[in-house]
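Open your viewer and keep the selection panel handy. We will go from one selection to the next, with a short note on what is there.

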Amino acid sequence: PNVKLVTSDNEEFVVDFRIAKMSVTVSRLMEAMNMSETDDASLLSNSIPLPNVTKAVMARVIEWCEKHKNDEPKEEKENDKRGRTTHVVSDWDKEFLKNDEFGRLCQLMGAANYLEIKGLFNDISQTIANMIHGKKSDEIAEMFNIHCDLTEAEKKEIRKKTAWCED
Amino acid sequence: SLLPLFFPFNPSFHLCLRTWAQSKRVVEMRIDSLDALPPELLQSIFGHLPAHFCLSTVARVCPLFYRLVHDENWWNGRKKAVGVVLDEREERRDNFSLQRVICSGEREEDRWRKLSTQTMYSISGGHYGAINTCKLYTEMSGGKRCVSAGRDRTIRLWDLDRVVTEAVLTEEEEEEGETSNVRVVSGREKKEILHSVDDAHGGWIWIVTRPNSSNVTYSCGWDNMVKRWQITPSGMKESGGISLSSAVLGLDWIDGSENELISTTFLRRVSLLDVREKMMECKDEHSEHRNAVIGVTSKGKYVYSWGEDRLVVLSDIRNLSSPVAKVTIPRAYASQLSIGPTSVVAGTMKGECFYLDPINLETWGSFDVQEVCEGTASKISANPLRGIINTGHSLVTLSKLGKLNALSYGLKPRSLIDSLKLDGEPSKVDYMNDDVIVSMGDGRLVYWSKP
């Protein structure tokens with residue numbers, strides 16, 4: 001069975017029920033609208049509005065979901081005494097996210113967060129973190145398109161406050 | 001100063017942030033990454049980055065990032081994620097910093113993970129028989145040094161930089177062309193030994209220690225003596241001492257006071273020594289312990305002594321004769337104790353560690369080192385602790401059976417390395433600026449330099 005999703009720019013996406021269920025948000029909306037897998041009429045007569053996602057971003061989200069629809073539900077390891085864990089981004093996911101420019105990546109992350117697709121969300125936040133890691137603060141500002149209007153004196157103050165973590 | 005503008009609870013900060021954000025929207029008409037990412041999403045990205053990088057770099061990007069990186073809730077989330085469990089009383093202390101514990105803890109984890117791939121320097125030939133004590137220090141010039149002493153009554157000052165350059169492969173390895181992490185250094189040619197004193201004491205030497213960037217070394221031993229050693233152009237010379245009433249087991253210098261030492265004896269004494277003159281004097285003492293006092297350490301004005309009677313006693317050098325607090329350690333006596341910035345950790349003859357409040361010795365919690373590191377309860381085969389270093393963000397432990405471990409900080413620690421089994425029975429560990437040294441019962445020193 002298929003489900004209709006409608007983006008903010010009024011584009012309709014028809015996706016498999018299983019794909020739709022990968023989003024916790026969509027899943028909850030379907031429940032609220034009494035749509036069920038076994039009730040074709042309920043699926044045909046309703047569509048899910050997603051006012052926070054644009055067509056371009058939705059297409060990417062669906063592409064990711066198609067690839068991951070058969071994934072085993074990953075059991076979040078309950079603090080098995082491992083300390084800070086780095087989320088491992090699979091090769092396919094790396095390839096998938098490789099060509100997104102920074103701004104689009106951020107939009108995609110926003111969508112993954114809104115739709116509550118945990119796997120995609122973790123993939124992107126880790127990918128962005130990897131992009132930031134090792135960069136200088138002005139390079140990060142550039143990535144985020146931030147104009148730092150701090151004066152040198154203010155910067156010095158901040159540096160003083162965080163001096164203990166300097167090498 | 002403009003800094004108050006950045007404090008989250010300052011109303012003017014929010015104002016500043018808002019105008020700043022508004023001005024951005026006017027200027028930036030194209031996709032703005034910050035519009036796509038609300039603060040909580042930025043924080044989850046930062047959560048994937050090392051804490052140190054967040055504080056040193058991310059926080060300096062802009063006022064918003066500064067605030068997000070200094071958000072207390074975000075740190076509590078990180079703390080939960082890495083599983084750091086602390087007593088509330090410790091967290092409430094003025095000098096406690098969760099940021100420092102997490103940030104330094106992560107770096108510590110990196111350091112210990114590297115240990116297994118690092119060159120291990122096995123230094124022999126300096127002592128005959130067991131070494132009881134070793135202590136790392138750095139010279140003014142930055143040179144890495146170590147002082148060691150033991151049953152052979154000698155004191156050796158080692159040049160660890162030289163150890164690293166002189167190290168060779170073992171003969172067998174050279175023959176077999178094997179690659180190994182072990183490099184053997186023979187101190188017999190004395191190239192690595194800067195100074196040495198034979199017959200420094202008339203009996204086993206228990207402790208040898210020295211303040212960093214100082215020219216003096218202190219030692220104590222089975223001959224009831226505490227001695228001071230001065231380095232002169234002609235070598236290391238005795239420059240003072242005192243004979244106490246029985247064997248001297250514990251010795252430490254007092255922070256920020258070059259004139260005082262604290263020592264403990266086999267016959268129950270904890271004594272404050274005035275070391276200004278060649279003939280040292282006992283200024284004050286207490287005999288709160290009911291049995292041999294195994295060790296002593298001091299921090300500021302506070303002195304912590306531990307003994308065979310299972311007592312840990314806290315006293316103040318300003319009034320040493322009336323101890324401030326004491327606690328009896330359950331099951332076995334503390335063989336080791338180390339004071340960190342906000343906690344005291346005592347390690348026992350049964351291999352347990354107890355976190356104590358440095359102010360009143362209340363017990364915050366305890367765990368069994370072997371259980372933490374290997375997941376097996378060791379209640380039956382107790383593995384006495386021979387060394388503990390409490391850095392305030394990690395714990396280095398050494399057990400009699402030769403296991404060197406590094407644990408994460410807190411009441412529910414985890415092992416940061418696969419415990420490293422040393423060949424033989426170790427006697428003491430020291431850890432400073434990422435350098436690790438262990439003294440062994442067979443007269444060797446085992447050393448790993450900062451990676």
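Start by selecting residues 2-70 of chain A, where an unreviewed UniProt entry places the feature "domain: SKP1 component POZ". In this predicted model, the span is 49% helix and 22% strand, and its end C-alpha atoms lie 17 Å apart.

Next, pick Phe144(A), Phe46(B) and Phe65(B): of the 86 residues in the largest nonpolar core, these touch the most other members.

Zoom in on Phe46(B). Leaving aside neighbours within four places in sequence, its contacts include Cys54(B), Phe65(B), Trp74(B) and Arg78(B). Then move to a second, separate core of 18 residues, with Val396(B), Leu398(B), Val438(B) and Trp448(B) among them.

Time for charges: the whole structure holds 29 salt bridges over all chains.

- Select Asp87(B) and Arg89(B), whose closest N and O atoms are 2.9 Å apart in a salt bridge. Asp87(B) is buried at 12% relative accessible area, while Arg89(B) is partly exposed at 27%.
- Select Asp161(B) and Arg145(B), a salt bridge at 3.5 Å. The pair links helix H9 to strand S3 of chain B, 16 residues apart.
- Select Lys403(B) and Glu374(B), a salt bridge at 3.2 Å. This pair joins strand S25 and helix H11 of chain B, 29 residues apart.

Terms used
Residues numbered from 1 in each chain as written. Chains lettered and ligands numbered in written order. Predicted model: local features only at pLDDT ≥ 70, side-chain atom pairs only at ≥ 80, totals over all residues. Heavy atoms only, no water. UniProt positions renumbered as here; feature names shortened; annotations may be inferred. Helix = DSSP H or I, 4+ residues; strand = E, 2+ residues; numbered from the N terminus. Core = buried A, V, L, I, M, F, W, Y, C linked by side-chain atoms within 4.5 Å. Buried < 20%, exposed > 50% of the residue type's maximum accessible area, 1.4 Å probe, protein only. Contact = heavy atoms within 4.5 Å. Salt bridge = Lys/Arg side-chain N within 4 Å of Asp/Glu carboxyl O.
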